[in-house]
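Please read them with the structure open.

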Amino acid sequence: MTVFQKYHDDRFLLEMVQDVLKILSQNPFCLLPLQDRIIPTLVTILNHDQTGADHQTLSPEIALDVLQTLVKYSQAPLSDAMIESAFPSAVHCILRAEDHSVMQAGGECLRSFLAVSPEQICRYKNGEGLNYVLQVTTMLLNPMNTESTASFIGRLVITIITKVGNLLGDSVDLLLKAVLSKMQLVKSLNVIMSLVTIFAHLILLQLDAVMNFLSTVPGPTGETAMSFVLANWLSRQHLFYGQYERKVTTLALCKLFEHGVTTKDDRLNTVMIKEQVPVPAATVGAAAVGNNVGNSNSAARRTRSATAKTPTVWVDTPVLVKIFKLLLHELASLREVKEAHGKNQDSGDEGNSSSDEADTDDASVGDGGKISLLTLLTQLDEVDDDEEEDEDDRQLMAELMNDPIFQCDTMEYLIKFIESFSQHENFLAFLEKIDETEKKILKTFNIVAM
């Protein structure tokens, strides 16, 4: 530990130490001796006033990261030192922090405490432990703090609701209102995605409660919170990334769509989503002719300009139509990635049979010898699904996806979902509102109106 403190700013050393701590924490014979040795040092760092601190002092951010590792790989029940000493020290360190990196690390640290042993956290000082967690969560959601403090807030809020939701009472509404307030000001995709995922997860598990909340709470500009959340969500759904986030938001959209179609719920069906769509070619052509009569040179110049950028116009689209379109494009993307993945595997098998052929294949990937965007996306998808996937994401999936609703192949689920909808009486009405590209997607999967 002394060496670690002395060289704490060495990233390579830090990673090695974390790996060692992970292995030792999972060994029941090493766990308690390890904690007896390291927790007092961590507590001292967390309780230390960082104002004017010595450069050689381990930063609270790193101390929180180390503590999270110890907790994450421990088994419940956690030791008395963890609950009675390390936990409150971490909370007080986070609450007085001004550095967003300390707040981030702290939120993830408390999430691990709650994920591993929620009962002990809730029993701490007769419920004070849960209040501590809620205080930290509220601070991370404070609109006055920088966006980055909420980068992982979705994980924390979902863990709170999943693990101890039955103990929250009215605090659930207060927590979700804080999420809405934070969403109003953030611009970063990763933060928006984190906040949206909270509502997506709840839609899958508690649809009626979420619908009641979003339809009765006002949004920031006078509309309902339902309109506000869906506008932020649907405009960015195609940009979301991460195995958990993609699956949960896609399945939640399926459930919302099914609810809207089958119940005709006005709270959802009256929502309109503003989006940019291409101006019909005939309209553009007519405008160009009208503006350039008698001036062929000007007309030619504008025509070349028009080919460079397709004109668009803002329109209001019914929310169910927008969701249906997004689900079709998600299905097409999943199939494209799956096919590319298969081609890459085939190419790899062929490359193994001849090194000369492998060199040729590597040099000719995509256009002009560059890796194509599709190949890159495929590689990113493989990171999600293979053993090299980020360990935190794997653990999050394991923690939050025990419910059978999450245990499905997203592409197969979407195919069956849309095939089932194709037999519904309203399917033809939706067909009239999608474009030719989206109709081709349906044909590709042999989905036609019944």
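The numbered points below go from the whole chain to single residues.

1. Overall make-up. This is a predicted model. The chain has 24 helices and two strands. Of its 450 residues, 44% are buried. The chain exposes about 23500 Å², and carbon and sulfur atoms supply 52% of that area.

2. Confidence. Mean pLDDT for the chain is 82, with 75% of the residues at 70 or more. Which elements mark the two ends of the range in mean pLDDT? Helix 5 (residues 80-95) has the highest value, 97. Helix 19 (residues 355-363) has the lowest, 38.

3. Two segments deserve a flag. Over residues 52-56 the pLDDT stays under 50, and the model gives this segment six contacts beyond four places in sequence. Residues 293-307 also have pLDDT below 50. That stretch has four contacts in the model beyond near neighbours in sequence.

4. Helix 3 against helix 4. The axes of helix 3 (residues 28-47) and helix 4 (residues 60-72) come within 9 Å. They cross at roughly 150°. Angles over 145 degrees count as roughly antiparallel, so helix 3 is roughly antiparallel to helix 4. The crossing is left-handed. Helix 3 makes the contact through Leu34, Ile38, Leu42, Ile45 and Leu46. Helix 4 contributes Pro60, Ala63, Leu64, Val66, Leu67 and Leu70.

5. Helix 13. Is this helix enclosed or open to the outside? Nine of the 10 residues in helix 13 (residues 225-234) are buried, so the helix is largely enclosed by the rest of the structure. The buried residues are Ala225, Met226, Ser227, Phe228, Val229, Leu230, Asn232, Trp233 and Leu234.

6. Leu141. This residue is in the loop between helix 8 (128-140) and helix 9 (153-164). Is Leu141 buried or exposed? Its relative accessibility is 1%. The cut-off for buried is under 20%, so Leu141 counts as buried. Leaving out residues up to four places away in sequence, Leu141 touches Ile153, Leu175, Ala178, Val179, Lys182 and Leu195. Leu141 and Leu195 are 54 residues apart in sequence. Their C-alpha atoms are 9.7 Å apart in space.

7. Backbone: the cis peptide. Most residues other than glycine have a negative phi, and most peptide bonds are trans. Where is the cis peptide bond? It joins Ala76 and Pro77, with omega about 0°. Pro77 is in the loop between helix 4 and helix 5.

8. Backbone: positive phi at Asn126. Asn126 is not a glycine, yet its phi is positive, about 55°. It sits in the loop between helix 7 (118-123) and helix 8.

9. Backbone: positive phi at Asn446. Asn446 also has a positive phi without being a glycine, at about 60°. It lies in the segment after helix 24 (436-444). Asn446 is exposed, with a relative accessible area of 66%.

How values were computed
Residues numbered from 1 in each chain as written. Predicted model: local features only at pLDDT ≥ 70, side-chain atom pairs only at ≥ 80, totals over all residues. Heavy atoms only, no water. Helix = DSSP H or I, 4+ residues; strand = E, 2+ residues; numbered from the N terminus. Buried < 20%, exposed > 50% of the residue type's maximum accessible area, 1.4 Å probe, protein only. Contact = heavy atoms within 4.5 Å. pLDDT = per-residue confidence, 0-100. Areas by Shrake-Rupley, 256 points an atom, 1.4 Å probe, with all protein chains shown as cover. Axes fitted to C-alpha atoms, helices over the stretch in contact; angles between N-to-C directions. Parallel < 35°, antiparallel > 145°, perpendicular 65-115°, else oblique. Left-handed = near helix turned anticlockwise from the far one by under 90°.
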